[in-house]
Amino acid sequence: MTEKNKNWIVEEERINQIKNVILSKMESLKGNTGDLKGDIIDLRNTFWDDVKVNLDGSDEISETYLSIKQQAELLSERERSHRLFHKQLKTLSRLKDSPYFGRIDFLEEGEKVSEQIYLGISSLMDENDEQFLIYDWRAPISSLYYDFSPGKAHYETMDGTVEGEMELKRQFIVRQGNLKAMFDTGVTIGDDLLKEVLSNQSDNQMKSIVATIQKEQNQIIRSEGKYYLIVQGSAGSGKTSAALQRVAYLLYRYRGTLSSDNIMLFSPNPLFNSYVSTVLPELGEENMEQTTFQEYLVNRIGDKFTVEDAFSQMEFLLTSQEQSREFETRLAGIRYKASLEFKDLIDKYIELLSEEGLRFRDLRFKGRVLVSSVEISNYFYSLNKNSSIQSRMMDVVDWLLKELRTEEKKEQNKDWVIEEAELMSPEDHLKIYKKLQKQTRFTEDTFDDFEREQRLIAKVIVKRYFKPLNESVKSLRFIDLESMYLDLFVQNKDNDSATYPQDWKGICNQTINRLKDGTLAFEDTTPFIYLQDQLEGQKSNTMIRHLFIDEAQDYSPFQLAFFKQLFPKSRMTILGDVNQAIFAHSISSPTLLSTELYKDEKVEKITLTQSYRSTKEIIEFTKGIVSGGEEIKPFNRAGSKPTVLELESSASMREVILDKIKALKDAGHETVAIICKTATESEEVYKELNSEITIKLMKKNTSTFDKGVLILPAYLAKGIEFDAVLIWDASDTNYHKEYERNLFYVACTRAMHELHLYSLGKMSRFIANTSTTSYDLVEVRV
Ligand SMILES: Nc1ncnc2c1ncn2[C@@H]1O[C@H](COP(=O)(O)OP(=O)(O)OP(=O)(O)O)[C@@H](O)[C@H]1O
């Protein structure tokens, strides 16, 4: 028997032993959970039987309270244990299928015998709870596996560095509890294994990379100490994958003090949210809070405006007539409003507002002004000018609530209240009667004074009517933010100081027109909320301790300042790729990835240049599209060269694409995406192809996708990948403006195995720097 076969048998034997340990642990847990469930049901059913309720005197009341509290604590303790057992069962059942993926033999300095360390998604102890049979991949010792090849190695622990010699590094593929493959590895984590993983078909859900995390990705996952971790990584370099592994790592490292509720991820679109949502559960962790920045903005702005989203802004820019005055002004406005100069302008405006110019709304009731905007303004500016706007605003709230109480009293004698009381339903009447009884401690016998009853009813009726008014005061809706944001442009538009951008007046006029129309453009959303927070008091979220921002190249310096203010207690992991900056404000401008924005703060920057998603051929082709692309290193996985087809009519483009889709499906590719430039183009192409094949059109609010043929605009494909990508009309007419270059790059880099570009006429200039040997050019003249 060869050495290889012997090793195989030994490992297979061990897997079987581990499976038996897992099964026996599962059995005993199942018994415990069953007993606990019974206990919980019994406790719930007999909760009140075991509580002694006696409300005769204060001692009896406190005894009753104690008895209820004890009973509730007992129940909640049982429920907690039940949840824990349930979680352990789930983890064990996952381990049963695939107990571990790696093994290292490590001889610690000073020791005589090396330790065999098996790594899995969770740790497992032997039956006596003495020895680790499996180590959690996040344990300190496990980092040896990701950071070193056999030879000298070390890892960090709380007590310092542990040095030693790695004698063996082995990888396993175990499926349904059976050993399928085993590799002893050298320099990197199993090229063979990685190659196998990467050559699989794409999925509509992202997968965990736990078994094949690369050294530089491990650095991202385990980075500690710095407040901001910035990751610049080329397309497909595993930024999102590493970020999700990092969430799981942090939850493990800080278990007990950090939970998934303390972590938040800002992602680029709803589709991406669902795409990545299975990774953490696969690792046995709960998902963190996940949202898009757009969702956050819309929630904050509420019904104050019709809010334009980032994608509509993009669609406007991509479909507008270039060089039109409107276009140029809008573009200049977008860029300026993303900058810290604009934030400074708002800050100066706020200083001014401290002295004069705040705008308020009348407080009205049934069409009558109770407190006018002028009265509110006078009251505000009568307060001590040394107090901040926010604290004076709080005083205004107190004053207004007092005014409302006075008005409320006056209102009780009005005719409408008497009419309302007469129309009151018997149920309502009874409710009020009971409430009054409770409030006044009257008994039925003494409550015989009709007039007093009427007065009390009137009080309740008016109170009900005033409730929304009181609430609107408490939530500061008397501040007229919309007018103040408008004023910012009205007051400054004729100012021609050098600090303003070119065509400032045009920018102001465009903004004023939109605001008067009730629309808030995307570029105005963050500044508007910033202004709101400065005047009303910041709505900071101190719950969030770690914020992840993916596609960080899409966020502006203004937005960074906003995030810092919004999440004051949060560390941030900021991931993106400068070459994928597709929004007008982020192209050739500083973004969240620019370290110079962080000044004296603690920042760590990691750059990833190895790309894993696409075949070597696709990377060789796409790296020529962007500047600095020569730095991008392909992973050594071979495939066919991308093809570039120049066609003469859209009818022939349609025909060749249909043929290609058929060929791709026959070759076993399950997800084929036709990527267009805009949503408008996607819809047109969808109409053309829909009668011929089953195809799904993806829109900005699409939140899931199934395998099959999909059609979507490039900006919605961000962060996602497909087996094969077909670029619809990659012609120079369609893609030639410099700010479309990155969009073109995003579209092409979504392909894992095959990439085909179709162009009506001459191909886009963006492939001019791509080596002509990296693709096959075909001219189709039909
Ligand atoms: N260490 C790894 N092991 C296995 N697969 C990996 C690894 N790193 C990345 N991948 C795979 O490469 C692909 C791209 O990864 P991911 O989406 O995380 O990259 P990204 O840098 O966020 O890409 P983009 O910026 O283009 O959206 C995914 O299929 C991912 O599973």
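1. A residue is buried if 20 or more other C-beta atoms lie within 10 Å of its own, exposed if 12 or fewer, and partly exposed in between, with C-beta atoms placed from the backbone. In helix α14, R392, V396, L400 and E411 are buried. Across the protein chain, buried residues make up 36% of the 782 residues.

2. A word on the source. This is a predicted model, where local features need pLDDT of at least 70, side-chain atom pairs count only at pLDDT 80 or more, and totals for chains, interfaces and linings use all residues. Residues are numbered from 1 along each chain as its sequence is written.

3. Now the overall picture. The protein chain has 25 helices and 26 strands. Helices (H or I, at least four residues) and strands (E, at least two) are DSSP runs, numbered from the N terminus. Along the principal axes, the C-alpha atoms of the protein chain fill a box of roughly 105 × 75 × 55 Å.

4. Check the length of α14. The helix covers residues 389–411, and its 23 residues should span 33 Å at 1.5 Å a residue. The expected span is 1.5 Å times one less than the number of residues. The end C-alpha atoms are 32 Å apart, which agrees.

5. Look at how α9 (residues 293–301) meets α20 (residues 522–536). Their axes come within 10 Å and cross at roughly 50°. That makes α9 oblique to α20. Axes are lines fitted to C-alpha atoms, for helices over the stretch in contact, and angles run from 0 to 180 degrees between N-to-C directions. Angles under 35 degrees count as roughly parallel, over 145 as roughly antiparallel, 65 to 115 as roughly perpendicular and the rest as oblique.

6. Two loop residues deserve a look. E551 is not a glycine, yet its phi is positive, near 55°. E551 sits in the loop between β15 (546–549) and α21 (557–566). D729, also not a glycine, has a positive phi of about 45°. D729 lies in the loop between β24 (722–727) and α25 (741–748).
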